[in-house]
Every structure is written in structure tokens, then in C-alpha cells.
Amino acid sequence: MIEAFLLAMRQLRTKKVRTLLILLGISVGVAAVVGVTSLGEGIRVNAVGEIEKSHDLTLIEVSPGVSNGNIILITESKVRAVSEYGSVVAPYTKDDYVTPNKTYFKANGISAQYMDAKDLKLEAGMWLEEGTYQIVLGSDIGEKFAKIEGAEIGNTIDARIRLYGEEGRATDKDVTFMIVGRLKPTGTDTDDQAFMDMNIARELTGKDVYDGIMVKLDKSGQTPAARTAIEKLGLTCYSAQDEIDSVNKIMNAVTLVLAFFSSISLIVGGLMIINTMIVSVYERTHEIGITKAIGASELDIIRMFLSECIIIGVLGGILGDLLGVMFSFLIDSVGRPMLVAQLGIADFEHLTVINIQILAAGFLISLVISVIAGIYPAWRGAKLDPVKALRQL
Amino acid sequence: MCMVKTRGLSKYYTFGSGNQVVALKGVNLTVESGEFVSIMGPSGSGKSTLLNIIGCLDKPTAGDVYIDDVKIDYGNAGNLVQLHRQTMGFVFQGFNLISTMNAIENVWYPMYFNKVPKPERIKRAEELLESVGLRDRTLHLPSELSGGEQQRVSIARALANRPRLILADEPTGNIDSRTGKKIIDLMKKLNKEQGITFIVTTHDKAMANNADRVITITDGEIVD
């Protein structure tokens, strides 16, 4: 087999220019696919990196679920069941309040565990004391209160909550909160929320269930298993992994489409190989006649031509990967400054990402296309009538 | 023992226009093992066709060929390949060496297809080139050799897999008579010393004179 490749290598060397052109043809196609895929991969990696930076991957947010048309509420027993899966498990309530000046806000009734789970950090003031009507504000809502209500840390604020009785009749309840602290901005919905003591919140609303549970895990690797277990209880889960998954899904689709269009150049490369190989079979008709007369089988002839195609595929793959890396580098060095200038995003390192899978895929594509392109010419060569082939000079 | 036997061997060529040309008409030929048979006849008489069919390069339209008393199954490609690899060798008028390979490579090429290990192949190719007097030409390309030398390389190649039958199609047709004489002597020597059966088509009287038997073909039929 090695000798078949050596002989094929020699055959290719006798037609250097042609071989070089064919290699260039296939490798430009591979380079296009590698470059474009590296761009898609780069965008994906950057987007996932952004999500990972602003989200806690070890956090699962559990909310009531729906199973067989029934709403599964978060009862005490559910909280106990969930608590097996996380290192910190913090149930909370979530209610809507409105101020006399018609500022609507959400207040979460929380416990100390909740602050640990969400890793909330104070910017000013202090934490609320349990069993009191003190509240801590998210950064945005804090700003809003200061502007609209003129209520800063240390001030009180009136709020009204509307409760619905069992017959659906609404009753309003007024309450006065004391603002004791303001959180650092997080860039998440925490900024729009106020936080109060959970027991006070439940007392106000009379709820015997929770609106959600924050589940904190030790390692992000535990998230999928914990999530599956909690979902088995009939509850709904959300984690930043969901966003990463959807980014991955979208970018895979985008990359696939881009790679598909850039692979059109590969089809051209493949046709080039078919064409060159057919010419080669035609030119070597006489030689094929001789080899058949001296004992070559049809399979030997096919092997002869396919060996050449495999060499073209391997060299084309390597060259294509090299050109692809260069192309990707070019996209990065030209595209990144442009994106930074256009979008003002400055904190990503590279626009393109090359990994071993992309390079392996480029190499394999080259090999597979070369071999497929060689099948028909090789078969034609193998099927030549030896008498006619010998007569041709 | 009977090396080659043909029974009722016929070959017609049908062209697109519907015209049919008869190349061979019911040829019955028997060649004994170790015989040197010369086939003569004018151009287009069918002698090359006969040789190609015996050599399994072409298929007969009707009739059978027996090699070592075994009927050739022309539909069995694997069988034909084995005959090429083990039983027979070819020598052509136009030498038919592979132009990109040097003399020794041309000689070991049939052994390559016969799966002979490389060192053994090279050793035998060297011996064969030596036996045809081309020991110092092993690394020359066909284009660097004279017609006579090329034909000797092709005889060495035909001998590569130790065949018992050599089919030669006008082996002296493209070389001058003095060189042709050497080729004839070489073939005679192989026939005498190694007992290889030769079937040689020729126009060359000198070749015919050296044969054990001369068969004449005209219009696809053997004329006694």
C-alpha cells in the first residue's frame, strides 16, 4: 500500500504544475470553509463568554411548573425535595407593589440564603433586618425612587399591594417600607427589584407557597444533573446555560449556513479534480493497457488513481488548513478594529477562533472530496478495454 | 502436454453502421508445451486478434480457448488477471514500456501486481536485465534506450513472473534486421533453455525460419 502511494506520488511529481494548481483549487475551498467557520466559532465563543461573565452558571432559578395541565406550586415539601440538590437553596416570594405616585415595582421576599445564592452586593446603606419592614433596592429602582418619589436611603416609602380573595374580589393593603440600602448594579433584572424580609412578605399576602427558589451549586458542572432532578419534581428551571445553549444553537445554524455557501468553492475544487483525473486517465490510456496486460486487475487501476486522489486530498487538506488559518487571521485583524469602531465593543480579544475540530473538519473535507472526485475517473480507467488502450498512443 | 488449444474460435467486429468484419473464423489451433510457433499472415488477417484472445486481452465472439487444458472463462475477470500474472507474458511490436519508469522498474512492475516483495522483485529484475545483456542500463528511461534495447527490456519484463507462455506480437517489427536477429536468438534461447512456449506473430522470414512450426492465417482462417 505504501508503495502504491510512492508510485502515485511520482506520477503527481511528473505533472508538477497541474498538481500544484489542483492543490491550490481544493485548498482555497478548504481555506474558505475554515476561515468562515472560525468566524462563526469566534462570534459564538465571544457571545458565550459575555453570558458567562454576567451570569452565574452555578445558579438555577426554579419557578412553578405545569405538568399534565396542572400547575405545580412550590410548597414547603417541594422546597425540601429541591434542597437535596443544591448547596444553597433559597425560596422566595415575588409581589407587585405600587406607590401613591404610580411607581410600580416588584418586591422579592427573601431570606439570608437568597443573598448568598444571588451574591447580592450593597453599594450604599445596609442589609435589611429580619422581621422588619425594611427594604433594599436594586440600583435602577433605587434611582427611580430617588427621582420620582424623592425617597433615599433612610426615608420611608408608602406602597399598596392588591390581593385577590378566594372569590376573586380584590382588596388593597397599604404598607410603609423603610429604605435601608441600595445594591450595586448587576446588569440583570435584580436592578429593577426591591428586597424585603420573606416572612413579612408572606404575612402581607397570606401566601402559603413560594414564587420561586434560587438553587446554588458548588460547581457549574453539576448544573445539568441538578436541573434534570428538579424538573422531575414538575418544576420549571432556568439557568444561564439556557442562554448559552440558545446562542450555541443559533451560531451553529449560522455557521452551518455560512460554511455551506463557502463550500461552493469546494464543489469547484472537486470538479477540478474530476476534470484533471479524467484528462489523466485519457493521457495514460496506453499505460493502463500495458498495466492490464502485465497483470493489473481493475482494482489495481482504481487503487492507482485513488492513491493519487488521496495524496491530493491530504496535501490539499494541510495546505487548506494553513491558508484557512491565514484567512482567519486576516478576518480577525481586519474585522476586529472595524467592529470595535462600529459597535463600540472593545472587550473581546479575537473575532475568530480556530480549534482542532475546525482544522480536522477542513482536512477531512479535502480528503473526502478528493476521493469522491476520483472515483468516476478511476472507474473509467479500470474499465478501459486493454486492446483499444494498447492501440492508443 | 497441450499449452494452448483453440476450438472454433471466431471473432466478429460490428460497427455502428451495422457492418460486420470477420477477424477470425472458426480457428482450431493447438500449441504444445515448449513449442515455438510463428503465426504469419498479411496485415488484417486476424493474427493479432488471435494473439489478443489467447492472451485474454480480448474476448472471442464464439469458440473456446484452453490453457493447460482448462477452458478460459472470459467473464471471470479475476481468472484472467491470474493468467496474466502467473501463466503468460507479452512482448509487443511497439515495446509498450511505461515511459515514466526506468528499465528496472518496468521489469519489476508485473511482479508488483503479483505481490512479490520488493527486495525479491528488484533482485529478479536485475538478474533478468543481466540475462538480456542490459545490466548497465537498469536506471535508463525507455526514451534513453535504442529500439533493440527497449525490446530486450520488454522481454525481461515478460519473463518477470516466470510465465510458461510468451505471446509476442511482431516483436521485430519496429527494429532493424540485425537487432531483430538478436531478439530472435534471445527468444529461441529462452525457448530451448527454459522450455517457455512462444507464440509469435510476424512478417519476418528470419523469425519464421527459427520457429518449430509456422502457421499462416489469411482472412481469419488458418491456411495449411
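Guide: Two strands are said to pair if DSSP finds at least two bridges between them. With that in hand, welcome to this predicted model.

Visitor: Thank you! What makes S6(B) and strand S7 of chain B a pair?

Guide: The two strands are joined by 4 bridges. The rule asks for at least two, so S6(B) and S7(B), which is residues 165-169, count as paired. They run in the parallel sense. You can find one of these links in the structure: B:Met88 has B:Leu165 in S7(B) as its bridge partner. Helix H5 of chain B, residues 147-159, packs on the sheet and touches both S6 and S7. The direction of helix H5 makes about 170° with that of S6(B).

Visitor: Which strands make up that sheet, and in what order?

Guide: It is an open sheet of 6 strands from chain B, in the order S6-S7-S8-S3-S9-S10, and its pairing is mixed.

Visitor: Why are S6 and S10 of chain B said to stand at the edges?

Guide: Strand S6 (88-91) and S10 each have a single partner strand, so each is left with one side that has no neighbour in the sheet. On average, neighbouring strands here are turned by 25° against each other, direction ignored.

Visitor: Which other sheet is there in chain B, and what is its strand order?

Guide: There is an open sheet of 4 strands, ordered S2-S1-S4-S5, with antiparallel pairing. Its edge strands are S2 (20-32) and S5, each of which pairs on one side only.

Visitor: How many bridges do S4(B) and S5(B) have, and what makes that enough to call them a pair?

Guide: S4(B) and S5(B) share 2 bridges, in the antiparallel sense. The rule needs at least two, so they qualify. B:Ile67 and its partner B:Val70 in S5(B) form a bridge.

Visitor: What sits between strands S4 and S5 of chain B?

Guide: B:Asp69 is in the loop between strand S4 (62-67) and strand S5 (70-71). Its phi is positive, about 65°, although B:Asp69 is not a glycine.

Visitor: How do you know what radius of gyration a compact globule of 224 residues would have, and what does chain B have?

Guide: The globule rule is 2.2 Å times the number of residues to the power 0.38. For 224 residues it gives a value near 17 Å, and chain B has 17 Å, which agrees. Of those 224 residues, 47% count as buried. Chain B holds 7 helices and 10 strands.

Visitor: Let's turn to chain A. Why is A:Lys94 called partly exposed?

Guide: A:Lys94 has 15 C-beta neighbours inside 10 Å. A:Lys94 is found in strand S4 (residues 88-98) of chain A. Beyond its neighbours within four places in sequence, A:Lys94 is in contact with A:Lys106, A:Asn108, A:Asp211 and A:Gly212.

Visitor: What makes strands S8 and S9 of chain A a pair?

Guide: Strand S8 (residues 156-164) and strand S9 (residues 170-183) are joined by 9 bridges and run antiparallel. At least two are required, so they are paired strands. A:Arg160, for one, has A:Asp174 in S9(A) as its bridge partner. S8(A) and S9(A) form a hairpin with 5 residues between them, and A:Gly168 in the turn has a positive phi of about 90°.

Visitor: How many residues does each chain bring to the contact between A and B?

Guide: Chain A brings 14 residues and chain B brings 18. On the side of chain A, helices H10 (285-293), H11 (298-343) and H13 (386-391) each supply at least two residues. By type, the chain A side has 7 nonpolar, 3 polar and 4 charged residues.

How values were computed. Residues are numbered from 1 along each chain as its sequence is written. Chains are lettered from A and ligands numbered from 1 in the order in which they are written. This is a predicted model: local features need pLDDT of at least 70, side-chain atom pairs count only at pLDDT 80 or more; totals for chains, interfaces and linings use all residues. A residue is buried if 20 or more other C-beta atoms lie within 10 Å of its own, exposed if 12 or fewer, and partly exposed in between; C-beta atoms are placed from the backbone. Two residues are in contact if their C-beta atoms, placed from the backbone, lie within 7 Å. Ala, Val, Leu, Ile, Met, Phe, Trp, Tyr, Cys and Pro count as nonpolar, Asp, Glu, Lys and Arg as charged, and the others, Gly among them, as polar. Axes are lines fitted to C-alpha atoms, for helices over the stretch in contact, and angles run from 0 to 180 degrees between N-to-C directions.
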